[in-house]
Amino acid sequence: MLKNPEKTKNEIVSWIQKYFEENGPECTAVVGISGGKDSSITAALCKEALGKDRVLGVLMPNGVQSDIDDSRHLVEALDIPHVELNIEEAFNGMKHMIESSDELKAITNRDELSNNTRVNLPPRLRMATLYAVAQMLPNGGRVANTCNNSEDYVGYSTKYGDAAGDFSPLAHVLVEEVRQLGRVLGVPSYLVEKTPSDGLSGMSDEDKLGFTYETLDHYILTGEIDDEKTKERIDRMHKLNLHKLRIMPSFDTSNER
């Protein structure tokens, strides 16, 4: 874990400042606020780096979100500008478009969204929303990616959804390290310690993953793990999801000319 969370926090803040100096000196950091620790701490880091008036929190429930009050409490605690945009209508419109296509039904042999599509469509709509908001701001915006290293390692994110963004303060920070940063930032403790979940399935992230973040963090840091089956599961997830971490491959024609 972080040897000196205060020092690391200050280094991330400086990194964010440098990013904006080079990529939008007048721009606002646009942060999707989910009510979880990652978006909460990303927003707090951006506030410290840029000042509260250059951070915009965007709350994006899909219909009724059980923990939306956590998102509201976070932006109030940080005292940052915020907007709440419900994506339900956009989700239902996409769902209707896809499910009403006879051509697509003939190809997929499905007359409704697959489970994976249903799960991953909202995060992609949220990211589209964040970029739309960013482009509407008077001085423009840069969208924060809020994923952490532990989730990225096993691909626990949606490609071009929450895995997207312009800058990523927590990409190399493990779950427990995120909590360490939250404590030194003064983020409300119930958000820092909140059990990660998708808010939809009724299960925690760890229940769905099949192992704890403590086990995952330790394995990433040391390569050590007690249970061989858990090791195999983590290794398999990491290998299958490397495509989410790598830059899009492209064919190089330099040798053809």
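The model is predicted: local features need pLDDT of at least 70, side-chain atom pairs count only at pLDDT 80 or more, and totals for chains, interfaces and linings use all residues. Residues are numbered from 1 along each chain as its sequence is written, and side-chain values use heavy atoms, without hydrogens and water.

**Strand β1 and its partners**
- Strands (E, at least two residues) and helices (H or I, at least four) are DSSP runs numbered from the N terminus.
- β1 covers residues 28-32, and because 5 of the 5 are buried, the strand is largely enclosed by the rest of the structure.
- β1 runs parallel to strand β4 (residues 141-143), joined by 3 bridges; two strands pair if DSSP finds at least two bridges between them.
- Valine 30 stands opposite valine 143 of β4.
- With strand β2 (residues 55-59), β1 pairs in the parallel sense over 4 bridges, and glycine 57 is the bridge partner of valine 31.
- β1, helix α2 (residues 37-50) and β2 form a right-handed β-α-β unit: with the strands pointing away from the viewer, the path from the first strand over the helix to the second runs clockwise.

**Cysteines**
- The structure holds 0 disulfides, a disulfide being a pair of cysteine sulfur atoms within 2.5 Å.
- Cysteine 46 is in no disulfide, and the nearest cysteine sulfur, in cysteine 27, is 12 Å away.
- Cysteine 46 counts as buried because its relative accessibility is 0%.
- The sulfur of cysteine 147 is too far for a bond, because the closest cysteine sulfur, in cysteine 46, is 14 Å away.
- Cysteine 147 is buried too, with a relative accessible area of 2%.

**Positive phi angles in loops**
- Asparagine 109 is not a glycine, yet has a positive phi of about 60 degrees.
- Asparagine 109 lies in the loop between α5 (102-108) and α6 (115-136) and is exposed, with a relative accessible area of 71%.
- Tyrosine 160, also a residue other than glycine, has a positive phi near 65 degrees.
- Tyrosine 160 sits in the loop between α7 (149-153) and α8 (175-185) and counts as exposed at 52% relative accessibility.

Terms used. Buried < 20%, exposed > 50% of the residue type's maximum accessible area, 1.4 Å probe, protein only.
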